[in-house]
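Me: I'd like to learn how to read packing in a model like this one. Can we go through it feature by feature?

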Amino acid sequence: MGDTASRRIAVLNSHLVAAERDVASSLQLHDTAASSEAPEEIDYSVALPERLTPTGPWLVHRSAQCPERLISSFPAPDDHIRTLYDNLEVSVSRYANVPFLGQRTVDSKGHAGPYKWMTYGEAGEARTNIGSGLLHLGLAPGATVGLYSINCRDWVLVDAACSAYSLISVPLYDTLGPDAVRYICSHAELAAVACSAEVLPIMLQCLPDCPTVKLVIVYGSQGSKRLPSLPAGVHCKLLGLEDVKAIGREHPRPHTPPAPSDTATLCYTSGTTGVPKGAVLSHGNLIANSAGNFSIIRLQQGDKHISYLPLAHIYERVSLISCLHAGVSIGFYRGNVLELLDDVLELKPTLFASVPRLWNRIHDRVMATIRASNPVSRRLFAAAYASKKAALDRGDPSGGRFGPFWDRLVFSKIRARLGGEVRYMTTGASPISAEVFDFLRICFGATVLEGYGMTETACTIALTHPDDPLSGHVGGPLPSCEIKLDDIPEMGYRNSDSPHPRGEICVRGPIVFHGYFKDEAQSAEVLDAEGWLHTGDVGTWLPGGRLKIIDRKKSLFKLAQGEYVAPEKIENVYQRSALVQQVFVYGDSLRAQLVAVVVPDPEELLPWAAKRSLPADLPALCRDPGVNAAVLKSMQEEGRAAKLSGFEQVAAIHLIPEPFSVENNLLTPTFKLKRPQVQAVFQDAIAVMYARLDK
Ligand SMILES: Nc1ncnc2c1ncn2[C@@H]1O[C@H](COP(=O)(O)OP(=O)(O)OP(=O)(O)O)[C@@H](O)[C@H]1O
C-alpha cells in the first residue's frame with residue numbers, strides 16, 4: 001500500500017474514532033435533552049393577547065417574526081407588489097436579461113440536449129402578445145381560461161397573460177381524463193382552454209359537452225403543424241399559441257391589471273376526499289402566501305428550480321410565484337418522471353421541491369444500496385450518518401465539526417444524484433416521517449424544510465426554520481396567517497389538553513381563500529363567520545410555538561362500537577413496515593374492525609420470499625395466506641410500537657401486486673390516496689375480508 005493510501009486510512013480511522021466518540025457523547029446529551037424537548041433559541045410563534053372565550057387561555061398563535069401584524073406582501077421596497085401581475089412586472093424590469101423559463105432542446109433523433117432559456121424580458125413581451133391576442137379573439141376581463149398540460153414554458157406564459165389582462169386561469173392536471181375535464185370545463189364555465197398537443201385529443205373529445213369553450217389554443221410540438229378539425233357541431237376556434245401571439249402583436253392592448261382582491265385562479269383540489277372543489281384564490285391570497293414563505297426561504301437570482309411537480313397543484317404554483325419574484329431560473333422536466341433525474345443532472349438545480357412519496361423512495365433506494373455495499377462502505381456510512389445525526393441531536397443542523405469531512409467523503413455521491421448543487425429542499429403536501437426528514441438533512445447537505453398547507457390557504461400555513469435541529473413537526477405559522485386549535489370532543493382533543501394543547505387547526509389571514517366556486521354549502525362548512533378556515537387537520541402546539549400535525553379529521557369515520565378512526569394516521573404507522581409499500585385502511589361503520597388493502601414492497605418481499613424458498617412471483621405471493629399473515633404481523637408490530645389502540649389495528653389485509661398510482665386513478669398527482677376511488681375499486685376484496693372475519 002502506498003504512503004498516500006495509508007495516510008488516508010489513518011486519517012479516516014482517526015475520524016471514525018472521533019465520530020464514534022461524538023456520537024457517544026451526544027447520546028448522553030440527548031438523554032438529558034430529551035425532556036427539555038426544544039432548544040430555546042427558535043421561537044416560532046407566540047400566543048396573542050386575545051382570548052377567544054372570556055376566561056380561556058391565549059389561543060391564537062402568530063409568527064414570532066412579526067406578531068403585531070399579518071403580512072400580505074413582500075418587504076420594502078417590494079411592498080407595492082400586490083398581484084401576480086405586479087410580481088412579474090417588477091421582475092421583468094429588474095431581471096430583464098436573466099434566464100427565466102428553460103426547456104431542454106431535443107434533436108431530430110430525440111436526444112435531449114442543454115436547456116434553452118427565455119429571459120424575463122422576453123417572457124414579459126410574450127405574455128403581452130398572448131394576452132392581447134386573447135382579448136382580440138373575444139375574451140373579456142373576468143373570463144376563465146383553462147390551462148391543460150404538463151408544466152412547460154407556455155403554461156407559465158398563458159398564466160401570466162391572464163394576470164396582465166384580469167383573466168382567471170384554471171389549471172387542469174395533465175393526468176385528468178375526459179370526465180374530469182368535462183366537469184371542470186363546465187363547472188368553471190371556461191371561455192377558453194390552452195392545452196398541449198399531447199392532451200388535445202381528450203380536449204376535442206370533450207368539446208361537444210363544453211359549450212362555454214369558444215377558443216382552444218394549442219402549444220408544444222403541434223404549434224407549427226396543421227391542427228386537426230373540430231368535432232361536428234362544435235362552435236369554437238382552434239389556434240396554435242404562435243398564431244395567438246401573432247394576432248396580439250398586430251393588435252396590441254394595454255394591460256388591464258387586476259386588483260389584489262380579484263380572483264387570480266380557480267384551483268381545483270386533486271380529490272382525496274371526493275369530487276374536485278374549485279378553490280377561489282385571489283391575487284392577494286397568492287402574493288401573501290409567497291411573501292410569507294419568502295420570509296424564511298431566501299431565494300435569489302442565480303438559483304435554479306426544477307419544475308416537475310404539477311403546476312395545477314398549489315405547492316408548485318406558489319413555488320413558481322416565489323421563484324419568479326426572486327429572478328430564479330426555472331427549468332422544466334420533459335414530462336416523464338423516468339427522465340427526471342437526467343433533466344436534474346443537466347439543470348443542476350439549487351432548489352428541489354418534492355413530496356414525501358418521492359423522498360421516501362430516495363431514502364429506501366439509498367439505504368438498499370448501502371445495505372448491499374461492502375462492509376467498509378457500510379461502516380463508513382454508519383459512522384458518517386451517526387456523526388451528523390449526533391450533531392443534529394446536539395442542536396446543530398449544519399452537521400457538526402466533522403460535517404464537511406463526511407460530506408466530501410461519503411455524502412457527496414448521494415448529493416450528486418440531484419446534481420450536486422441543491423441548497424434548499426422542501427417537502428410538503430402530506431406528512432413525512434422524522435426519520436426520512438433527518439435522512440435528507442444528513443445526506444444532501446442542503447437546508448431541508450417542511451411546509452404544511454392546503455389549496456384553501458393558497459399553499460403554506462406553517463413552515464419549519466432552517467436553523468431548527470428538531471424534526472417531527474411543521475414549524476410555525478407563516479407571518480401571513482394566524483392559527484388556533486379548536487376542540488374536537490368526539491376525538492378527545494382539547495385546547496385545554498396539558499402539557500400540549502390539541503385540536504382542529506383553524507387558519508385566518510390574507511392567505512385564506514374566498515370559498516369554493518359555486519358551492520356555498522361546502523364553503524360554509526369550512527369558512528366560519530369570523531373568517532376562520534377549518535382545515536380538518538388536527539394539530540398540537542409544542543414548545544417554541546411549533547405546530548405538529550397529529551391526526552386528520554377529514555376522513556374520520558366511526559366504527560360500530562362508537563370509536564372514531566382517522567385512517568391516514570394508521571396508514572402512516574403501517575407504512576413503516578419494510579414489507580409495506582402502500583396501504584389503504586378502511587372501516588365499515590357497521591363493523592367493529594378495520595381492514596386494509598396493502599401493496600407489498602417487492603424489493604423487500606422478494607428477498608424475504610427467496611429465503612423461504614417461495615417463488616419470485618409477486619401476484620402469487622400476494623395470494624399466499626402465509627405471506628398475508630407475515631405482512632399483517634409486521635404491520636401489527638409497527639402498530640404496537642406506535643401505541644395504536646386495539647380498535648385502530650387492522651384485523652385483515654388484502655395484498656395486491658399493482659401499486660396505487662396516478663395512472664390507475666387511485667393517487668392524486670401529488671401521490672395522495674383518492675380514498676373514495678380506492679374503496680370503490682376494492683369493495684369486493686373488502687367484503688371478502690369482512691366475511692372472513694365474521695367466520
Ligand atoms: N406537511 C404536511 N404534513 C401533514 N399533512 C399535510 C402536510 N401538508 C399538507 N398536508 C395535508 O394535505 C392537505 C391539503 O391537501 P391539498 O390542498 O393538496 O388538497 P388535495 O389533497 O388536493 O385535495 P382534497 O382537498 O380533496 O384532500 C392538508 O389539509 C393536510 O391534510
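This is a predicted model: local features need pLDDT of at least 70, side-chain atom pairs count only at pLDDT 80 or more; totals for chains, interfaces and linings use all residues.

Me: Good. With that cut-off, which residues is V213 in contact with, leaving aside its neighbours within four places in sequence?

Reply: The list for V213 is C185, L190, A191, A192, V193, L207, H235 and C236. V213 itself lies in the loop between α6 (200-206) and β8 (215-219).

Me: Is V213 buried or exposed?

Reply: The cut-off for buried is under 20% relative accessible area. V213 comes in at 2%, so it is buried. Compare that with A180, which sits in helix α5 (residues 178-187). A180 has a relative accessible area of 24%, so it counts as partly exposed.

Me: How do I read a pair of packed helices?

Reply: Two packed helices are described by the angle between their axes and the distance between the axes. Here, helix α3 (residues 120-136) and helix α7 (residues 241-250) pack at about 85°, with their axes 7 Å apart. Angles of 65 to 115 degrees count as roughly perpendicular, and α3 and α7 are therefore roughly perpendicular to each other.

Me: Which residues of α3 and α7 make the contact?

Reply: From α3 you have A126, N129, I130, S132, G133, L134 and H136, and from α7 L241, V244, K245, I247, G248 and R249. They divide into six nonpolar, five polar and two charged.

Me: And the nonpolar cores?

Reply: The largest one has 93 residues, of which F100, L167, L286, L299 and L547 touch the most other members. Helix α4 (residues 153-164) gives the most to this core, with eight residues.

Me: Why does this core lie between domain 1 and domain 2?

Reply: Because domain 1 (84-294 + 303-347) and domain 2 (351-552) both give residues to it. As a close-up, take L167: leaving aside its neighbours within four places in sequence, its contacts include L134, L139, P141, V145, C162 and A264.

Me: Which other domain is assigned?

Reply: Domain 3 (557-694). The centres of domain 1 and domain 3, taken over C-alpha atoms, are 38 Å apart.

Technical notes
Residues are numbered from 1 along each chain as its sequence is written. Side-chain values use heavy atoms; hydrogens and water are left out. Axes are lines fitted to C-alpha atoms, for helices over the stretch in contact, and angles run from 0 to 180 degrees between N-to-C directions. Helices (H or I, at least four residues) and strands (E, at least two) are DSSP runs, numbered from the N terminus. Angles under 35 degrees count as roughly parallel, over 145 as roughly antiparallel, 65 to 115 as roughly perpendicular and the rest as oblique. Contact means heavy atoms within 4.5 Å. Ala, Val, Leu, Ile, Met, Phe, Trp, Tyr, Cys and Pro count as nonpolar, Asp, Glu, Lys and Arg as charged, and the others, Gly among them, as polar. A nonpolar core is a set of buried Ala, Val, Leu, Ile, Met, Phe, Trp, Tyr and Cys residues joined through side-chain atoms within 4.5 Å. Buried means under 20% relative accessible area, exposed over 50%, partly exposed in between (1.4 Å probe, protein chains only). Domain bounds come from an automatic or database domain assignment.
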